[in-house]
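Please look over the model below before reading the points.

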Amino acid sequence: MEDQNASSEASQLDKEIVTLKKQAISLRKQLQIQCSTILSSASTKRLIQSQASSPAIGGRRNRPSDAAASKLSTRLTQQHAYMQQCIYRISAPVTSFKVRDPDPNAVDGGHVLGLRFEVMSRGQFLRPYYVMLNRPYPGSRHLRVHRHTVPPAVLLAGLAARYLSPPSSSRGRESESSTGQDLDRFVRTLRREIVRYHNRLGVSADLRRRLGLHDRNAKDLSPNALVEVAIADIEAKQINFTWADDRTGRLVMDDDGRVVNFVVFARDGRDWEASQDIFAKHDTIEEVSRKLEEYMEASAREEED
């Protein structure tokens, strides 16, 4: 009995430690946001600059305050540089640059045109995606995708075939006008597809956070409690749901993350009643989330009664 009580207390302490660590991470993020907000204001900038440039009283400076003012001035300069970088990344989501392929046998003397794609999610910049282009066709200025870091969910090969078609070898250089490439449309379309993909990922993440997940082995779960919400395909257009009673559901989205359909399957076939309770035509993802919450809460109340 004592061993069980000790094990229960240890488990409770572990849970409290995990909770405190999560709170500490959240508080550190809030502190960083508050500091950045204060340093970004014009009044704070003027105050720090005025104190840094003010003359010392009696020809002497108080060393602790002097060190603090210097530290604040340095932090202000870093914040200003960071703000400029963010503004540039927001206003110029696609940038181009030239690089040199170190391979001595590279085509076109190793000249490579690089494209950098910026993406934001939940107010934060993600790791940029890169597409490298070269000119492998002799006597032609046509471009071809050389290397890239675009996720597999984005059909880069199809976009390249549509907007960066190779020259026709049968008619030589004179045929370039008939098989012209449109680099501008290629870049715009590619970035739109990348943003769409991340929007769909965001929909799935928001849905998981709002609904929450439960331990499948818990004894007090109602049959309508969700135990799993996960992306079901590489393009993040479908989300799979699993309930405690082993029913499964599938939410289907379009390219822009709008809900197209939602179906629920039981052991003996499709659960039409649950499907109609959770989804109606033209419902948004927020409405589907709300109906799922209401569906689970209604089941829990019925069991209590």
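1. Residues are numbered from 1 along each chain as its sequence is written, and side-chain values use heavy atoms, with hydrogens and water left out.

2. The protein chain has an average pLDDT (the predictor's confidence in each residue, from 0 to 100) of 82, and 84% of the residues score at least 70. Confidence is lowest in helix H2 (residues 42-53), with a mean of 73, and highest in strand S5 (residues 129-134), at 96. Helices (H or I, at least four residues) and strands (E, at least two) are DSSP runs, numbered from the N terminus.

3. Over residues 170-178, pLDDT stays under 50. Where pLDDT is low, the predicted coordinates should not be read in detail.

4. A pocket is an open set of points on a 1 Å grid over the protein atoms alone, where a 1.4 Å probe fits, with protein on both sides within 12 Å along at least five of seven lines; lining residues have an atom within 4 Å of a point. The largest pocket is lined by 17 residues, and H3 (63-91) gives the largest share, seven residues. Gln32, Ile33, Ser36, Tyr82 and Gly123 lie nearest its centre.

5. The second largest pocket has 15 lining residues. Lys98, Val112, Leu113, Arg135 and Leu143 lie nearest its centre. Strands S1 (94-100), S2 (111-117) and S5 each supply at least two residues of this lining.

Methods:
Predicted model: local features only at pLDDT ≥ 70, side-chain atom pairs only at ≥ 80, totals over all residues. Contact = heavy atoms within 4.5 Å.
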